[in-house]
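Morning, everyone. Please have the model open on your screens.

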Amino acid sequence: MQVLKFGGTSVANAENIRKVIAVVQKAYLKDQTIVVVSALGGATDMLIEIGKMAASHHPAYKEKLREFGFRHETVVQELLPVILQQNLLEFVSEKFNELDRIYEAVFLLRELSSRTLDSILSHGELLSSKIISAAFQSVRVENQWLDARKVIRTDSAFGFAVPDFDFTAGALGEYLLQNPAQLYIVPGFIASDSNGVTTTLGRGGSDYTAAILAAATDATALEIWTDVSGMMTADPRLVTNAKAIPYISYKEAMELSHFGARVIYPPTIQPVMKKEIPVWIKNTFAPDDYGTLIESSVSENRNTVRGISSIGKMAFLSLEGSGMVGIPGFSRRLFGALSEEKINVILITQSSSEHSICAAIDESNAEKARKAVDEEFANEIIAGKVDPLQLETGLSIIALVGDNMKNHTGISGKMFDALGRNSVNIRAIAQGSSEKNISTVINTVDVKKAINVLHEEFFETAYKQVNLYITGVGNVGSRLMAQLKKQQQYLLDHLRLQLRVVGISNSTKMVLNEDGINLQTWQETLKQGVPMEFPDFVAFIEQKNLRNPIFVDVTSSESVTRWYETLLRKSVAVVACNKIASSSSYENFQLLKHLAREYNTAYLFETNVGAGLPIIGTLNDLMRSGDKVNRIEAVLSGTLNFVFNNYDGTVPFARIVKQAQDEGYAEPDPRIDLSGTDVMRKLLILSREAGYEMEMEEIRSNSFLPDSCMQGDVANFYLEMEKHEAHFFSLYSKAMQEGCKLKFVASLDCGKAWVGLQHVGKDHDLFHLYGKDNVVLFYTNRYVQQPLVIKGAGAGADVTASGIFADIIRASRV
């Protein structure tokens, strides 16, 4: 004997039922077969809805009921030849009239009891099984229709009836003996008590029916046919890269199904596990797919964790009080009070101090639980020994499941680390002594992110998804976008990183899309974007809560930097080309670095100094390895170096500056470069990274610009430089007379910092510095006579973008 069960989606309509027939036609020739079927997809929910409408005295229930009847009539008409329809349509009409009478009573009494509801719901499976039995007959597949209520005996716990396995095995054996057939069609979900009253086995009970019948007949196999190709490593609706699980143990399957894996109804496993009957999960719509085989033990398992599951709509109960410490009986009374109200406890955790007991229950029972527990401990609450029950809703449980977890250390740590890096707060933890399950209670809004993060951590050798939010897509930002587009496949192939841009903005427009922005057409997309409001941009980051988020600031806006703190507190990594935050007050700078450490994320700003040159990274390596920086000499402005390398008086100084701006070396306001402010910021950042506590005001600056150049706007700046051409030529001439070059030098020596224009001779390391190049000389305890030199292009959109890109990669791997 083999038992095949087909769920609601598999029998939702005539087309799907034909697929069921095709599957069974192949199977029943091999062995005697029992086919268990659910109601047509959605029919049970519809019957419940009609019942609630009738109980609420809502006359529209009649229209809904007619809709229910019409749907079944349509299936009959589409499935059977006209000549075979009459008897079945009469049966449908008969059941429809029964329902009409029951619902009318509910409407008049304004009451829908569990017993009445069971009677109502039974019609879904009775109708579908009769239709399917007739459909087999219509293609000349002989079968015996068996009313499950005749053989499955339960108690009278309507809605969640408990089967009597011994009675059922006897009754079924006797029926099969007296009614021999190769194929039996049985309605799932329904049974009857000792008085012959209809009961149901709970939502998903058709699986349970099949398992009961498989156990009662010592079946060779139980097949659960559904709309997915087996159990998955995670819910595919939440994790797009979820994988099928080919093999799984009974206990693992029970754990996963208990914690929300909806492919199989949790009680289904128990009857077949006792008899060691293998269970297959198969796909009606892809019958050739392997599916999942559930057995007592599984040898093939390359992963430590078998699957990840979750349950939503949880409430968390906390019973606390100093009067609980060392006093026995509190747990018994708490769970006794919940049991009296028939409230199922899903997770329990208790502190070792015995000061508190916590439990997770279904959110729908929250207020009932509060009332029951507060009544139970009323005397202790009045005496101040116990606090009133604390209740928290909007929570979910996520569970890691796997038999092999007990043989591997560090699974919990890996789980909590992955969640912590992504700002998923864990409210409670539970782990059984068998170590097959590690469960955590988290906020429901974090579930999708948490499951994806854990799936990446434990299952995906394929890639890690990183979600980028980029603000500032001008000259440098647009080059960054081009580099991201070019390298996407390379990063996926070689670093297993899937970089997705999910947010972009400029000063006027923004585009946000959690599914990713097409990097081929992002410019056109941005033109069609919504008005840029930075609070809305940040709100999207917070609300969507995507995993591994990185915020990239390619602006020079001070207002943008004010959001860094908010983002870091949400575990959003910040990659800043913008120098303002790192050159702000020392207190703010340290706060940002502290927040990155506290929230397990990154605050990176390599391009603040030297564009794409590895200056800050090298300095960090020196410090981390125990070296001490005593002196720094540097040319840190690609703009100023370009200007003084190209100015010889033949072309006006103002025109050289304009050329630097046009070629993308200068800031949008070139006065920031030429005044030395930009160099001061860079030196301040290097000084802080070298371990010096320094503020901007402590850096001495010797400006070479006439004061009038700093008045007015940028246009006026250029006019004033033209007026002072003689001044600039004089600076150049004096340097040439001494056989020197003009270099705008930044210096740090024993904690003192200054910047200014200097005459640099041929014997100096800074002399041979051309174009827009930067150079930094680190004199340290290890590099005493000969400094550590970092030299290269220190300005330009492409190199700056590549430096930002490198920081994104670093942040991705935190």
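Let's start with a pair of strands. E8 and strand E10 (residues 292–295) run parallel, joined by three bridges. A word on terms: helices (H or I, at least four residues) and strands (E, at least two) are DSSP runs, numbered from the N terminus. Two strands count as paired if DSSP finds at least two bridges between them. Within this pair, Tyr247 sits opposite Leu293 of E10.

Before going on, the ground rules. This is a predicted model, where local features need pLDDT of at least 70 and side-chain atom pairs count only at pLDDT 80 or more, while totals for chains, interfaces and linings use all residues. Residues are numbered from 1 along each chain as its sequence is written, and side-chain values use heavy atoms, with hydrogens and water left out.

Now the sheet around that pair. It is open, with eight strands in the order E3-E4-E2-E1-E7-E9-E10-E8, and its pairing is mixed. Which are the edge strands? They are strand E3 (144–145) and strand E8 (247–249), and each pairs on one side only.

Helix H1 (residues 14–27) packs on it, touching strand E1 (2–6), strand E2 (33–37), strand E4 (183–187) and strand E7 (221–226). Contact here means heavy atoms within 4.5 Å. The direction of H1 makes about 175° with that of E1. For such angles, axes are lines fitted to C-alpha atoms, for helices over the stretch in contact, and the angles run from 0 to 180 degrees between N-to-C directions.

Now the pairings. Strand E25 (residues 699–702) runs parallel to strand E27 (residues 752–760), with four bridges. There, Arg700 has Trp754 of E27 as its bridge partner. Strand E26 (residues 741–749) pairs with E27 in the antiparallel sense, over nine bridges. Lys741 stands opposite Val760 in E27.

Last, the turn. The hairpin of E26 and E27 has two residues between the strands, and Cys750 takes a positive phi near 55°.
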